[in-house]
Amino acid sequence: MNEHSKSGKRIEIEGVVAQGKLQRLLDALPPELRTEMIPLWQSIRFAPGDVLIEDGEVADRIGFVADGFLAMSKTLQDRHRHIIGLITPSDMFGRAFNGPSGYRIEALSDGAVLTCDRQKFEAILARSHAAERLFLLSILDELDAAREWVMVLGSSKVVERLASLLIILSRHKYRTLESCARDNIRLGLHIHIKRVDIAHLLGTSPESLSRAFHQLEREGAIRIVTPYDIEISNLGTLVDISGNSLEMREA
């Protein structure tokens, strides 16, 4: 474990670097609490299909995604599994200060998470008003992301849903997209998720998803490099096709 005592420095835990929301949370802690909290974190690698938290489980750990993608899924009365949300790098999962999970957390790709004992995490947060406030703001961000996802799935056309997803994934990789859109910068994007899982995520079939990718390419929004790699050729066009004017805020 490699930890830095000075706030603002990148913190590496068992080969996995804390980033985004977790890094900012650790930075908000007073030095003595940060020193107390860092050793509590562990890194866990995951592979597609791995289940991190079951639906209805009261998890004893909370975590932040360092790399890769997780899905929130639910088995409904039709007995089919439905993906109801996407958890991307820097996002939190698990329920601090709360009860059982309302959905299953499972992996869509290879990746890594940083996890911490939930009760110890809560106890340290309770001793720092600044960190507790930042944590609550992080939860509000997740509510915003959930509302955004409802908006994405509400689009009637598959190509609109796909465009919105690509914007969300780009925002998490490049953090802020305003300058990219203004200067029409081409963005490379590696999509870790299998096409069949993207189709499931967007509520469509793999065949319809493939047609949507090629439509975006024909309209000049993207260039397909490989099944897992695309180049966003024109971010403004992609936003227009999405029909949602998704906010390009910092992840």
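What share of the contacts in the chain between residues at least 6 apart in sequence join residues at least 24 apart? The share is 67%. With that in mind, here is a set of close-up views of this predicted model.

Figure 1. Nine helices and 13 strands make up the secondary structure of the chain. The chain has 251 residues, and 46% of them count as buried.

**Figure 2. Confidence along the chain.** Mean pLDDT for the chain is 83, with 89% of its residues at 70 or more. Helix H8 (residues 206–218) has the highest confidence, at 96, while helix H6 (residues 178–182) has the lowest, at a mean of 61. Where pLDDT is low, the predicted coordinates should not be read in detail.

**Figure 3. The open sheet of E11, E13 and E12.** This sheet has three strands in the order E11-E13-E12, and their pairing is antiparallel. Strand E11 (187–190) and strand E12 (222–226) are the edge strands, each pairing on one side only. From one strand to the next, the twist averages 25 degrees. E11 and strand E13 (residues 229–232) run antiparallel and are joined by four bridges. Looking at individual positions, you will find Leu-189 opposite Ile-230 in E13, and Gly-188 with Glu-231 as its bridge partner in E13.

**Figure 4. Helix H5 and the two faces of E11.** Helix H5 (residues 158–174) lies across E11, E12 and E13, and runs at about 100 degrees to E11. Which residues of E11 are on its covered face, and which are on its uncovered one? Leu-187 and Leu-189 form the covered face, whereas Gly-188 and His-190 form the uncovered one. In a regular strand the side chains alternate between the two faces of the sheet.

**Figure 5. Strand E6 and its two partners.** Strand E6 (residues 70–75) pairs with E7 in the antiparallel sense over six bridges. Within this pair, Met-72 has Gly-85 of E7 as its bridge partner. The hairpin of E6 and E7 has five residues between the strands, and Arg-79 in this hairpin takes a positive phi near 70 degrees. E6 also runs antiparallel to strand E9 (residues 104–107), to which four bridges join E6. Here, Leu-70 stands opposite Ala-107 in E9.

**Figure 6. Glu-122 in helix H3.** Glu-122 belongs to helix H3 (residues 118–125). Is Glu-122 buried or exposed? Glu-122 counts as buried because its relative accessible area is 13%, and the cut-off for buried is under 20%. Apart from its neighbours within four places in sequence, Glu-122 is in contact with Arg-95, Ala-96 and Phe-97.

**Figure 7. The largest pocket and its lining.** The volume of the largest pocket is about 1000 Å³. The lining comprises 47 residues, of which Met-92, Ser-138, Ile-139, Glu-142 and Leu-143 are the closest to the centre of the pocket. At least two lining residues come from each of helix H1 (20–28), strand E7 (81–87), strand E8 (92–93), helix H4 (129–153) and H5. H4 gives the most, with 13 residues of the lining.

How values were computed:
Residues numbered from 1 in each chain as written. Predicted model: local features only at pLDDT ≥ 70, side-chain atom pairs only at ≥ 80, totals over all residues. Heavy atoms only, no water. pLDDT = per-residue confidence, 0-100. Buried < 20%, exposed > 50% of the residue type's maximum accessible area, 1.4 Å probe, protein only. Contact = heavy atoms within 4.5 Å. Pairing = 2+ DSSP bridges. Axes fitted to C-alpha atoms, helices over the stretch in contact; angles between N-to-C directions. 1 Å grid on protein atoms, 1.4 Å probe; cavity = no way out; pocket = protein on both sides within 12 Å on 5 of 7 lines; lining within 4 Å. Points joined across faces, edges and corners; volume = space filled by probe spheres on them.
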